[in-house]
Amino acid sequence: MTLATTERFAMWLRWAVLNGVPRAALAVQARRGEPLARLLVGPRRGGDPDALVEQIRVRGRLVRTPLAWATADHSLCRTILRDNRFNVTNTENMKLPAPISWVIRHTEPRLPHPAEPPSMLAVDPPEHTRYRHPVAHAFTPRAIDRLRTRIIEVTNDLLESLDASGPWDLITDYAGPLPAEIIAEILAIPVERRPRLLDRGENGAPLLDIGLSWKVFRRGMKTLRDSGREISERIDQLRTEPGDDIFSHIIQNGNLTDHELATSAALLAGAGFETTVNLIGNAIVLLLQHPGQLAMLLEDPGRWPNAVEEVLRLAGPVQMTSRTAACNLELDGQHLRAHDTVVLLLGGANRDPAVFTDPEMFDITRTNAKEHLAFSSGVHACLGASLARMEATIALQALFGRFPDLRLTGTPTSRGLATLKGFRGIPASADRKMSSATRT
Ligand code: HEM
């Protein structure tokens, strides 16, 4: 066998154990109507995710399913995320059968995968602390301030381009380019390479789901390989000639290996881009579907930050995560065994009627909207939460301020993913444009 054939076979084998087998198991359970399985196969094959979450909620606070435990309960999700008897879910913590673990270990492609070790998202302390610390420290108040200036500049440039064109797809023309540009700034990605980020995000986002098809998995891996190559070149450059960007600070502060750095960069790119585009897109659609709420915002722009919290609550970009029991334990009257996995339905927790009155209602004046778990909780709580809030608030206020009669010209198309909730396209147009003097 040639090297290329061997590599391809190893990749296929890895896909087969990590995705092919779970895919088949999910398909069987989904056909039997099991709501968690239907949720995990995604809305195209499984049906309306919000309705499926409610089916799980009515079964109990902590539900055992043939696949894993699941909860849509706000208090339990928060407890589990902050309980050190739980670890992150990765192939080691799950204690898979020996032959499967062997395949996973021996087919490791050493690509910068945002959701596999050594990504901070997929490891536990103390390793987690070593990866998270330098990244958290690079987001200094000065760095955030500079990003704020850049967000305003990029937003204004995008609005100028919208002014000169139309009708639009507000994902491709607005919600996507803003976070892509900001992540490019953070990672010091050269200007000529920035347009590729949108495609890379599209191909990389499904990697957060389980049970991928071979085609989607292969496309995701190719994307990781291409970005990995570019990130490595960038790390070499920034090690010798550091800039004042956030990635240079991470490289200097962290004492991380090149592979660990590349994985942190891939995580920042994925976590920072694919989530924020969905937050802005989900907000645009919710506001266009609720003109009364939009009118309140146009009247009193001071309400924008709470409106963003309400979008995070009702249509958060990350709908689920999971944790794996580190030992045998009792929780909510149930006995969990070491290595059992619990799927935490964050989107469900954010609609928990015990915490949110009329949880299905979109209400930008909701006083406790900020109690959502859209950014998770505990040691893995989102590092980019304040940046995401800032991007969304500036982008939305500026868009609706400039085009107060913005309207949908077709049905927004869903991305069709299980973990991420968002739109692939939002067709829209506007007749009336406010003059630039009235702009944000
Ligand atoms: C609306 C936008 C965003 C949402 C909804 C979101 C959501 C999340 C969630 C739910 C987690 C934790 C998952 C878990 O506990 O298993 C997470 C982690 C993370 N997010 Fe975000 N995120 C957003 C934007 C960003 C941005 C803009 C960045 C950075 C530029 C970022 C960087 C990270 C990182 C580095 C982690 C890993 C933290 C850790 O494992 O310690 N996120 N995010």
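Where is the place of Lys-95? Select Lys-95 in your viewer and you will land in the loop between β3 (86-88) and α6. Keep in mind as you go that this is a predicted model. Now look at the backbone of Lys-95: its phi is near 50 degrees, a positive value in a residue other than glycine. Most residues other than glycine have a negative phi, and most peptide bonds are trans.

**Next stop: two pairs of prolines**

Follow the chain through α6 (98-106) and into the loop between α6 and α7, where you will find Pro-118. The peptide bond from Pro-117 to Pro-118 is cis, and its omega is near 5 degrees. Now select Pro-125 and Pro-126. The bond joining them is cis too, with omega near 5 degrees, and Pro-126 also sits in the loop between α6 and α7.

Cys-382 belongs to the loop between α17 (346-349) and α18 (385-402).

Now show the residues around the ligand. There are 26 of them, and those that come nearest are His-128, Thr-321, Ser-376, His-380 and Cys-382.

- His-128 has a polar side-chain atom 2.6 Å from a ligand oxygen.
- Ser-376 places a polar side-chain atom 2.7 Å from an oxygen of the ligand.
- Arg-323 has a side-chain N or O atom 2.8 Å from a ligand oxygen.

Then colour it by element of the fold. At least two shell residues come from each of α7 (127-138), α14 (258-289), β5 (321-325) and α18. The largest share, 7 residues, is supplied by α14.

**Last stop: a pair of helices**

Finally, select helix α8 (residues 141-163) together with helix α10 (residues 177-186). These two pack at an angle of about 145 degrees, and their axes are 10 Å apart. Their crossing is right-handed. To see the contact, show Leu-147, Arg-150, Ile-151, Val-154, Thr-155 and Leu-158 on α8, then Pro-177, Leu-178, Glu-181, Ile-182, Glu-185 and Ile-186 on α10. How many of these contact residues are nonpolar, polar and charged? Colour them by class and count: 8 are nonpolar, 1 is polar and 3 are charged.

How values were computed. Residues are numbered from 1 along each chain as its sequence is written. This is a predicted model: local features need pLDDT of at least 70, side-chain atom pairs count only at pLDDT 80 or more; totals for chains, interfaces and linings use all residues. Side-chain values use heavy atoms; hydrogens and water are left out. Axes are lines fitted to C-alpha atoms, for helices over the stretch in contact, and angles run from 0 to 180 degrees between N-to-C directions. Helices (H or I, at least four residues) and strands (E, at least two) are DSSP runs, numbered from the N terminus. A crossing is left-handed if the near helix is turned anticlockwise from the far one by less than a right angle, and right-handed if clockwise. Contact means heavy atoms within 4.5 Å. Ala, Val, Leu, Ile, Met, Phe, Trp, Tyr, Cys and Pro count as nonpolar, Asp, Glu, Lys and Arg as charged, and the others, Gly among them, as polar. A residue is near a molecule or strand if one of its heavy atoms lies within 4 Å of it. A polar contact is a pair of N or O atoms within 3.5 Å; within protein, one must be able to donate a hydrogen and the other to accept it, and residues adjacent in sequence count only if both atoms are side-chain atoms.
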